[in-house]
Amino acid sequence: MENSVPNTLLRSAFSIEGRFIDIAHHLDGSSEVIHEGHNIVTDAGLGLVVGALGNLTNGIAFWQVGSGDPAWDTDPVEAQAGTTALVAPVLTKPITISYWDTMNNRFSPTPTDTIDVRVVFMAEEANAPLREFGLVGPAPGNILFNYVIHERISKSENFNLERIMRITVRREQY
């Protein structure tokens, strides 16, 4: 067949990976990493990404934290892709988004394959047992982009909680 496509073409797909870091900044000036891990991109979050690519949505706008279910302290559960909202939201806060250079471990003034999403919950904010968080799109939909269930953080007025999420879009070959 003259117009057939050879089977030697490179095929690729994209994947989205999120990695989070929680840092407690104590009043005495010391800081410590208290959690690191991966998030799960929700099913609705994939629609948010596609909408942002087509300029149909504004993408990620807020960081939500929640107290979750106290039963998770003794019977941990995994985050599910079908999750559409936090179980027990405590606070929603606007975020700062920048490009991140993973090779040099620093912010980038030009586009990269990774964004750095940050928020700081000040000493007087979100003081509750925190077990879950998510990044959400703008109102009115507030679509949950990603979701994490983690060990309880007993957030108090004794520290600011900085949360960093790095979201990388990669080309996967198959």
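A residue is called buried when its relative accessible area is under 20%, exposed when over 50%, and partly exposed in between (1.4 Å probe, protein chains only). Keep that in mind as you explore this predicted model, where local features need pLDDT of at least 70, side-chain atom pairs count only at pLDDT 80 or more, and totals for chains, interfaces and linings use all residues. Residues are numbered from 1 along each chain as its sequence is written, and side-chain values use heavy atoms, with hydrogens and water left out.

**Stop 1: the sheet**

Switch to a cartoon view and find the five strands that form an open sheet, in the order β3-β10-β9-β4-β5, with antiparallel pairing. Strands here are DSSP runs of E with at least two residues, numbered from the N terminus, and two of them pair if DSSP finds at least two bridges between them. Strands of a sheet pair through backbone hydrogen bonds, either parallel or antiparallel. Which strands stand at the edges? They are β3 (40-41) and β5; each has a single partner strand, so one side of each is left without a neighbour in the sheet.

Now select β4 and β9, which run antiparallel and are joined by five bridges. Click on Q64 and look across to β9, where its bridge partner is G134.

**Stop 2: P89**

Select P89 in strand β5 (residues 89-94). Is P89 buried or exposed? It counts as exposed because its relative accessibility is 54%. Leaving aside residues up to four places away in sequence, P89 touches V65, G66 and E132, where contact means heavy atoms within 4.5 Å.

**Stop 3: aromatic rings**

The whole structure holds three aromatic pairs. Rings of Phe, Tyr and Trp (its six-membered ring) pair if their centres lie within 6.5 Å; planes under 30 degrees apart count as stacked, over 60 as edge-to-face and the rest as tilted. Show W63 and F133: their ring centres are 5.2 Å apart and their planes meet at 45°, so this pair is tilted. It links distant parts of the chain, with W63 in β4 (residues 62-66) and F133 in β9 (residues 129-136), 70 residues apart. W63 is buried, at 0% relative accessibility, and F133 is buried at 0% too.

**Stop 4: W100**

Finish by selecting W100, which is buried at 6% relative accessibility, and F107, which is partly exposed at 43%. Then show R166, which lies over the face of W100 at 3.6 Å from the ring centre. A charge sits over a ring if NZ of Lys or CZ of Arg is within 6 Å of the ring centre and within 35 degrees of the ring normal.

Terms used
Helix = DSSP H or I, 4+ residues; strand = E, 2+ residues; numbered from the N terminus.
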